[in-house]
Amino acid sequence: MIRHVTDDLYQIGEYVENEYGFEAIHIYVMLNDGRPILIDCGSHIHRESVMAELDEVVGDSVPEYIFLTHSELPHAGNIAAVAEKWPSIKVIVSNVMLPYIEVLPVLPLEQMTQVVPSTTIQSPTRTVEFLSALLKDQPGSHWIYDSRTQTIFTGDGFGYFVPESAVGALSDEISGGIATQWLADYHRVAFRFLQWIKPDRLNADLDTMFGNRPVSNIAPIHGGVIRGAEQVQVHLGRLKTALAAVNQAYWSEK
Ligand SMILES: [Fe+2]
Ligand SMILES: [Fe+2]
């Protein structure tokens with residue numbers, strides 16, 4: 001499903017059903033004045049549909065970069081297909097293992113770059129900055145900030161499960177927004193280590209990250225975009241509540 005988010009930012013991808021409802025597996029595209037930038041490339045199980053959607057969104061343009069938040073299959077599962085379709089694309093990764101295996105037969109190794117947090121990539125109308133993910137399920141997972149649309153792409157963070165009625169919706173299209181419980185269910189399942197965190201410290205780090213730059217949108221891979229500065233503040237608060245509740249539930253069950 002292709003959704004226009006704001007300015008030159010598009011959300012595409014599919015959903016999978018699980019015991020909690022439906023989970024998005026999204027890809028983001030910034031058209032970037034004819035030099036598109038992709039964030040992740042979706043699951044291999046959706047290859048046919050997402051490659052068709054990518055083709056439709058970029059049109060005649062050739063994507064210049066693909067950034068992978070991390071190398072799990074729902075995020076990197078179509079990297080070989082993307083590289084075959086656009087062989088000049090530069091692949092930017094936080095972790096080389098899966099891209100190395102998948103990309104090497106298709107692209108010269110020089111087209112793949114591993115970057116560290118605080119690295120920035122400039123183009124005429126935007127700066128893209130790599131951030132150390134505050135919620136990660138692989139060492140080195142990145143969140144990515146785009147200055148033009150003031151969007152943080154949060155990989156697995158800020159994901160949520162939705163009922164069928166909210167499939168494909170952005171946060172401002174859901175009555176009442178994204179429920180704290182949807183965020184809590186997803187984060188409990190996706191980040192099994194939440195038992196061991198100190199919620200106050202993690203939540204303070206989230207406040208710092210969001211306080212250090214203007215954020216108008218949050219773009220999780222496993223959820224629709226949290227769109228608009230007001231929605232960002234509401235849902236940052238809900239995520240912090242959810243993380244503390246998930247942590248607390250482990251200890252109150254003992
Ligand atoms: Fe992941
Ligand atoms: Fe994921």
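1. Let me start with the α6/α7 pair: in this predicted model, helix α6 passes helix α7 in a right-handed crossing. Helix α6 covers residues 199-211, and the two helices pack at an angle of about 165° with their axes 10 Å apart. Angles over 145° count as roughly antiparallel, and that makes α6 roughly antiparallel to α7.

2. Here is who meets whom at that contact. From α6 come Pro199, Leu202, Asn203, Leu206 and Phe210, and they meet Leu236, Lys240, Leu243, Ala244 and Asn247 in α7. By class, the residues of this α6 contact with α7 divide into seven nonpolar, two polar and one charged.

3. Helix α7 also has a contact with α5, which is worth a look in your viewer. The axes of α5 (residues 180-190) and α7 (residues 229-252) come within 8 Å and cross at roughly 50°. That makes α5 oblique to α7. The crossing of α5 and α7 is right-handed, as is that of α6 and α7.

4. On the α5 side, the residues in this contact are Thr180, Leu183, Ala184, His187 and Arg188. Their partners in α7 are Arg238, Leu239, Thr241, Ala242, Leu243, Ala245 and Val246. The contact of α5 with α7 has seven nonpolar, three polar and two charged residues. Please note Leu243: this α7 residue is listed in the contact with α5 and in the one with α6.

5. Now to the strands. An open sheet of six strands has the order β8-β9-β10-β11-β13-β14, with mixed pairing. Its edges are β8 (120-123) and β14 (226-227); each has a single partner strand, so one side of each is left without a neighbour in the sheet.

6. Strand β10 spans residues 142-146 and strand β11 residues 151-153; the two run antiparallel and are joined by three bridges.

7. Parallel pairing turns up around β6. Strand β5 (residues 65-67) pairs with strand β6 (residues 90-93) in the parallel sense over three bridges, and Tyr65 stands opposite Lys90 in β6. Strand β6 also pairs with strand β7 (residues 112-114), again in the parallel sense and over three bridges. In that pairing, Ile92 stands opposite Thr113 in β7.

8. Finally, the overall picture. The protein contains seven helices and 14 strands. Its C-alpha trace spans about 55 × 35 × 35 Å along the principal axes. For 254 residues, a compact globule would have a radius of gyration near 18 Å, and the 17 Å of this protein agrees with that.

Definitions and conventions: Residues numbered from 1 in each chain as written. Chains lettered and ligands numbered in written order. Predicted model: local features only at pLDDT ≥ 70, side-chain atom pairs only at ≥ 80, totals over all residues. Axes fitted to C-alpha atoms, helices over the stretch in contact; angles between N-to-C directions. Helix = DSSP H or I, 4+ residues; strand = E, 2+ residues; numbered from the N terminus. Parallel < 35°, antiparallel > 145°, perpendicular 65-115°, else oblique. Left-handed = near helix turned anticlockwise from the far one by under 90°. Contact = placed C-beta atoms within 7 Å. Nonpolar A, V, L, I, M, F, W, Y, C, P; charged D, E, K, R; others polar. Pairing = 2+ DSSP bridges. Rg over C-alpha atoms; globule rule 2.2 N^0.38 Å.
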